[in-house]
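I opened a notebook page for this structure. Below is what I looked up, entry by entry.

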Amino acid sequence: MVLELYMDLLSAPCRAVYIFARKNGIPFEFQFVDLLKGHHHSKEYIEINPLRKLPSLRDGKFVLSESVAILLYLARKYKVPDHWYPQDLQACARVDEYLAWQHTTLRKSCLRALWHKVMLPSFLSEPVAPETLTATLAELERNLKLLQDKFLQDKAFLAGPHISVADLVAVTELMHPVSAGCQVFEGRPKLAAWRQRVEAAVGQDLFQEAHEFILQIKDISPADSSTKRALMPGVRAMLQ
Amino acid sequence: MGLELYLDLLSQPCRTVYIFAKKNRIPFELCTVDLLKGGVTQPSQQCPCFSTAILIYLSQKYQTEDHWYPAELQARARVHEYLGWHADFIQGTFGVMLWTKVLAPLIGTQVPEEKVRRNRTALEEALDKLNARFLGNKPFLTGQQVTLADIMVLEEMMQPIALGLDLYEGRQQLASWHRRVETFLGAELCEEAHGPIMTILEQMACKTIPIPPPEAHPPMLKRLARIP
C-alpha cells in the first residue's frame with residue numbers, strides 16, 4: 001500500500017514535504033485537502049488528523065502529523081542522501097537548531113505576512129488595521145535579519161555546505177511573503193544567493209511546480225460568505 | 001575541553017537540559033547565568049527553542065538510553081510529532097505567567113489584562129489537548145517510556161505551578177503523568193532543579209529577588225511586547 005500525503009500546496013509546510021518527497025523519488029499518493037474550501041474540517045480529514053492541520057502522512061496504519069516529523073520520518077525510512085539530515089552529530093544539531101527556531105519565529109512571520117497583506121483583506125474581505133500589518137512586516141524584517149546573520153552567515157546553506165531539510169523548510173516559508181508582494185530577497189544579496197542555490201539544488205521545475213499556486217495568490221477571488229464564516233475561527237486561531 | 005552548559009534554572013528549557021544531563025550523568029560545567037540580572041547566555045543558547053537541539057545532541061553524543069530518543073522509526077517520529085505541536089502551543093504560552101506575576105512588575109510595568117486572559121485561555125486549551133489527545137491512556141506522552149518530550153513538558157508545567165496555578169484539576173491523566181515523570185527522575189533531582197522557580201513568589205514577597213538592572217529592561221520590554 002503506497003504512502004499517502006495529505007497536503008495543500010497553499011501551505012508552506014506542505015510545500016516542503018512535497019518537494020522533499022518528489023526530489024527523493026519517494027512514491028506517494030497526493031491526497032489534496034483543500035484548505036480554502038475548509039476540507040481540513042471535514043469528518044474524513046478529522047479522522048486522519050483531529051487537530052485538522054496539514055500536512056499529514058499515512059503509511060499503512062501509521063498516521064503522522066507535523067511537517068518536521070514527516071520530513072525526518074521520510075528521510076530515515078527512505079534512506080535519502082545524508083546531507084538532507086546528516087548523521088554527523090554536529091551537522092545534525094545545526095539542522096535541529098534551525099528547525100527548532102523557525103517554528104515560532106520565521107514561520108509565524110511568513111504566515112502572518114501572507115494573511116495580513118493578502119488573504120484576510122482580499123480572500124476573506126476582512127480589513128486589517130494598518131498597525132497590525134506594520135507590526136507583522138517589522139517582525140518579518142527582524143526574523144529575516146536573524147535568518148541571514150545568525151543562521152546563514154557566510155555558508156552556502158543554512159546548516160553547512162550542503163542543502164538540508166532546514167533549507168527546504170526555510171525557503172518554502174519565505175515564498176509566502178514573496179507571493180504576497182513583500183520585499184524578501186531584494187536588498188539581501190546573501191539570502192538571494194542562498195535562494196538561488198536552494199532552487200538549483202532542488203531543481204527549477206520542481207520548485208516552480210510546488211509554488212505555482214502560491215505565486216498566483218494575489219489574484220485570488222474573494223470567498224463567499226459561508227466559506228468565510230467556516231474559515232474565520234480557524235484563521236484567527238492560526239494567526240494568534 | 002569539557003561540556004559547558006550556560007543555564008538559569010528559572011528558565012524551563014534550561015531546567016530541561018540540566019535535568020537531562022544530571023539524570024544521565026553527563027559530565028558538564030555549570031555556567032550559571034542570572035537572567036534577572038541581565039545575564040546573557042551564549043547566542044546559540046539564548047533562544048529557548050534550542051533546547052530541543054541540545055537535548056537531541058546530548059542524547060546522541062553521550063549515547064543515553066534508547067527510550068529518551070528512540071532509534072525505532074515510528075517511535076522517534078512520535079517524539080518529533082509531539083515536539084512540533086509543543087512548539088506552537090506550549091512553548092511561549094506556559095512561560096507568560098512568570099512575566100505577568102514577576103518579571104513585568106520587577107521592571108515597573110504590567111502585562112495588559114486582555115493578554116493575561118488570552119494566555120490563560122490558551123493555557124487551558126493546551127492542557128486539555130495534552131491530557132486528551134497526546135497523553136490519553138498512555139503512561140507517557142509518546143508511549144510506554146519517558147522521552148525528551150516528557151521532560152520538556154514537565155518543565156513547562158512547573159512554571160505556572162510555581163506561580164500558584166492548579167493545572168491538573170479535572171485532568172487526572174496529566175496529574176498521574178506528572179507524578180510518574182517526577183518519580184522516574186527522582187525526588188532529589190527534581191528538588192534541585194525546581195528549587196529556584198518554586199521559591200520565586202516567596203522571593204518576591206520578601207523582596208529578596210534580584211532587580212534587573214536598567215540595561216536589561218529594553219530586551220525584557222521587547223519580550224513583553226511579543227506576548228500575544
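Is H7(A) largely enclosed by the rest of the structure or largely exposed, and how many of its residues are buried?

**Ground rules.** I am working from a predicted model, where local features need pLDDT of at least 70, side-chain atom pairs count only at pLDDT 80 or more, and totals for chains, interfaces and linings use all residues. Residues are numbered from 1 along each chain as its sequence is written, chains are lettered from A and ligands numbered from 1 in the order in which they are written, and side-chain values use heavy atoms, with hydrogens and water left out.

**Helix H7, chain A.** I found that 14 of the 15 residues of H7(A) are buried, so this helix is largely enclosed by the rest of the structure. Buried means under 20% relative accessible area, exposed means over 50%, and partly exposed is in between (1.4 Å probe, protein chains only). H7(A) covers residues 165-179 and runs 22 Å from its first C-alpha to its last. That is close to the expected 21 Å, the expected span being 1.5 Å times one less than the number of residues. After H7(A) I noted Gly181(A), with a positive phi near 95 degrees.

**Chain A overall.** I counted 10 helices and four strands in chain A. Helices (H or I, at least four residues) and strands (E, at least two) are DSSP runs, numbered from the N terminus. The pattern along the sequence is β-α-β-α-β-β-α-α-α-α-α-α-α-α. The radius of gyration of chain A is 18 Å, which agrees with the value near 18 Å for a compact globule of 240 residues. This radius is taken over C-alpha atoms, and the globule rule is 2.2 Å times the number of residues to the power 0.38. Buried residues make up 54% of chain A.

**The sheet in chain A.** I traced four strands in an open, mixed sheet, in the order E2-E1-E3-E4. Strands E2 (28-32) and E4 (62-65) of chain A stand at the edges with a single partner strand each, so one side of each has no neighbour in the sheet. Neighbouring strands are turned by 20 degrees against each other on average, direction ignored. Strands pair through backbone hydrogen bonds, either parallel or antiparallel. Here two strands pair if DSSP finds at least two bridges between them. E1 (residues 3-7) and E3 (residues 56-59) of chain A pair in the antiparallel sense over three bridges. Leu5(A) has Leu57(A) in E3(A) as its bridge partner. Helix H3 (residues 67-77) of chain A packs on this sheet and touches E1, E3 and E4 of chain A. Its direction makes about 130 degrees with that of E4(A). Axes are lines fitted to C-alpha atoms, for helices over the stretch in contact, and angles run from 0 to 180 degrees between N-to-C directions. Contact means heavy atoms within 4.5 Å.

Most residues other than glycine have a negative phi, and most peptide bonds are trans. I looked for exceptions. Leu54(A) and Pro55(A) are joined by a cis peptide bond, omega about 0 degrees. Pro55(A) is in the loop between helix H2 (43-48) and E3 of chain A. Gln153(A) has a positive phi of about 50 degrees. I place Gln153(A) in the loop between helix H6 (130-152) and H7 of chain A, and Gln153(A) is partly exposed at 40% relative accessibility. Lys207(B) also has a positive phi, near 55 degrees. Lys207(B) sits in the loop between helices H10 (200-206) and H11 (217-225) of chain B and is exposed at 71%.

**Chain B.** I counted 11 helices and two strands in chain B. The radius of gyration of chain B is 17 Å, close to the 17 Å from the globule rule for 228 residues, so chain B is as compact as a globular protein of that length. Buried residues make up 53% of chain B.

**His86, chain B.** Which residues does His86(B) contact, leaving aside neighbours within four places in sequence? I found Gln91(B), Met152(B), Val153(B) and Glu156(B). His86(B) lies in helix H4 (residues 73-89) of chain B and is buried, at 1% relative accessibility.
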